[in-house]
Amino acid sequence: MRIARRLLNSALALSLAATFAISAHGVSSARQAPAGMPTIRLGYLENNPQWAPTLDPAVVEDQNSSYLTQLLYGGLINIKQVGGRVVPYPQLASRYKVTGSGKIYTFSLRKTGFANGDPLTAQDVVFSIRRALSKQTNSPINTYDSMIKGFANYSAGKSSYLGVKALNARTVQFTLSVRAGFFPEVLAYPLNFILDAKVMRGTSTNSGGTYLTTTCKAAAAGASGPFKAVCHSSAANDVTSFYPGGSTPTLTLVPNSHFYQKAHVRLVIPAIDSNQTGLRDFRSGGLDETFGVPTQDQATYRGKPGAYQFPTAFIEYLGMNVNDPPFSNVHCRLAVAYAIDRVTLAKKYLHGAYKPLYSFVPGGFQGYFNGHSGVPYYDPAKARQQLAKCPGGINVTYVYRNDTTDRNAEAAAITAMLATVGIHFTPKGVPRSEWLNYIARDTPLSKTHTAACYGDWFEDYPDSQDYFYNLLYGGVAENFSGYNNKTFNKLIDEADAAANQSTRARLYLRANKMMLNQAPVVPYDNGTAFDLVNTKKVHGLIPDNYRAVTWAKNNDWANVS
Amino acid sequence: MALLTFTVRRFLAMILILWIVLTIVFAMARLSPYDPIAQIMQQHYQVAQAAQIRHEFGLDQPMWKQYLNYVGGLLHGDLGKSESQQTLGQPVWSLLQHGVPVTMKLGFYALVLSLVVGLPVGLLSAIKQNSFVDHGSQAIMMVLYAVPVFVLVPLAQVVIGVQLRWLPVTGWGAPGVLGFKEAILPVTLYAAGLTGYFAKSYRSFLLEVLSQDYIRTARAKGLKARIILYIHAVKNTLVPLASIVGPVVAYLITGAFVIETFFGIPGIGYITVESIFNSDYSVIEATTLLLAAFVVLVNFLTDVVYALVDPRVRL
């Protein structure tokens, strides 16, 4: 008995020793939150076990990096959500005017500063834009700014001229080579966010912008947005400086006290690996916000406080090869357009995780229309009428990407719906990598002799031009259906060039409806985001269609508590 | 001389095994239908641009040439560059360098915990053989040993993390108290199966020793039970115990996949799993090779130590 007691005592002592050993693992160079400042844990970084792909705004291509850079840096223009609409607004600029027949944009800067106290100047703007578009930076997305005069030669390193200059310390002017009404929206993309020239000058800008991604002190001192980074090590070029080495990659942010809209919260953004993990972490109290609740779990939360489902900028559509039979015939295409029941597809087969879509641009974008007035919608009788005018009927292969259960379900449902009116689609599910070969920019469907193919798109920058021009304009690389209509092209040209946003919206709407009545593509659903927010603790986060997550109301983190 | 020959032979066998492993992994990754370049390019995919990137990574070369380049790189200590969109072009070692210590730390904590709990339980069972304590503790240890970790982990996460909200269900190494709390669940669950294993094994070892003649002699001499147990019995269980700890260390490193993935611990196992999802060939090859090297090395060292201790092994 005594031996047993001694054994238990020894085990207890050893357990305590192990406990101390493990606890030592958790104690490192911790930084405490400023007293009284609430901490919000957000699930914006879905990249565990790796760190953010990039924190350099100039090379941001993915959502994770976009969220983080939007918290750290600001643009002359940014985007806010107003009544479900995506609206550009002057952020670091106080106002701007358009002159020179729509080719000159002049921005007056707001009185705001970088995290280290440096005031924002026109020179910072010029430096940031020139850096982002330079050959050394080699940004994969610099063509978004291709309308800036001198872009081609400057980005190729052939000329030092670029159409952006400081008129004085607080005024900066852009000269465009073409009229582009969507230029303000383009400026809202992280590519054009503003960096502190004093912090950045002399640092390496090549290699995909690794300096800003791996150097915490740059994100701590040179932040021009609402937050600055908290560093965990003084190592200047060490990736671990953002978080303790060997720990879960985590970005910790505190308010940038020199930013014109002062936030009052501390943000902790740990890397998570998937939306399933995010949900689990949210349920255990480890996150105050999580996005992308898995489809199968959405029913559990729908309608509950803090559960938000809202449309995003993601669309899915069916594209048809308009250059070869049968879909070179408009009646064959319209037969398909009338035979797909978007409502049943979204509600029954996709469990409400998508919204039925008739417009080619998602809600909130110019040219969007609610409902299906004046465009093909589900009507089997009309589908049969159109099919009767389709010579030889339709018996083709339909290529789709089979990487998710949702996509397999929708391909099966579409095939079944078409079959009920006599249209025969043989679905061919392929891995994503193979599917890309069908819709690749330089291989339209006519080259691969494919009749119909699944397509999807998420905006590069929040403007309808990104959808209409890239996916449907005649001769443009990503237009895999091969649609080329002079009237449509003309309407898009006019809309792209118009500076007046109401005029642009009207023109895009006309182009949208005209094109849909020729049905080179059949849009059928709009992706939705399903986010959860711990509303007992966090206030001021609202659904944001543009960012596809819950975000600060009016993009102003001063509203979040 | 016999020991040297034995060691050299084992070392050469170790190299051969590693070569076979890297060849198989290389072939499997290259024959996979998933194209890492397509993963990188997303919606702006262009066939011509994809071909350009494929060329930059040498993926357009014949398989044998890619293989030679890969092996040549390894011999120069170059594990290659990441082919995933999120970490494109970064040296593989830079992605793994923080993961290796995390996995080793996790494994070490689990080993310590399982020994600290498992051995006393095994000892207690042995000295209370066939009692309620023995049957009860062995039943619990059997359950711990038998229930797979992939069953135990989600259960514990739901009950302890989600319902009771006592401990976090993801994360690793946060500063302060949070870091300690983050470690409790993964370390405990990782140690659970091992604890059962050690408890059962140690009970057997001790019972066998306790049935030896010299123990009977010691009792007959009138030695105190405590002295018999600690001085004579426990000491003689250390050799068989050491023989099972070696393979367990290897298991701890390679078995981290499940624990690390479930808890989002940025160790080598989790990095491997994510690189498989991202078709990141270079990282898959590097992590598999590292893990294989570790297992083979541990076995090599165990063999050599055995040979040192027991000359019969060298024959």
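This is a predicted model: local features need pLDDT of at least 70, side-chain atom pairs count only at pLDDT 80 or more; totals for chains, interfaces and linings use all residues.
Residues are numbered from 1 along each chain as its sequence is written, and chains are lettered from A in the order in which they are written. Local features need pLDDT of at least 70, and side-chain atom pairs count only at pLDDT 80 or more.

In chain A, four strands form an open antiparallel sheet in the order E4-E5-E7-E6. Strands are DSSP runs of E of at least two residues, helices runs of H or I of at least four, numbered from the N terminus; two strands pair if DSSP finds at least two bridges between them. Strands E4 (93–99) and E6 (164–168) are the edges, each pairing on one side only. E6(A) is joined to the antiparallel strand E7 (residues 171–175) by four bridges, and A:Asn168 stands opposite A:Thr171 in E7(A).

Strand E10 (residues 266–270) of chain A has five of its five residues buried (under 20% relative accessible area, 1.4 Å probe, protein chains only). A:Arg266, A:Val268 and A:Pro270 lie on one face, with A:Leu267 and A:Ile269 on the other. E10(A) pairs in the parallel sense with strand E1 (residues 39–41) over three bridges and in the antiparallel sense with strand E9 (residues 250–255) over four bridges. A:Val268 is the bridge partner of A:Arg41 and also of A:Thr252.

In chain B, B:Leu4 is located in helix H1 (residues 2–31). B:Leu4 is exposed, with a relative accessible area of 52%, the cut-off for exposed being over 50%.

Definitions and conventions: Side-chain values use heavy atoms; hydrogens and water are left out.
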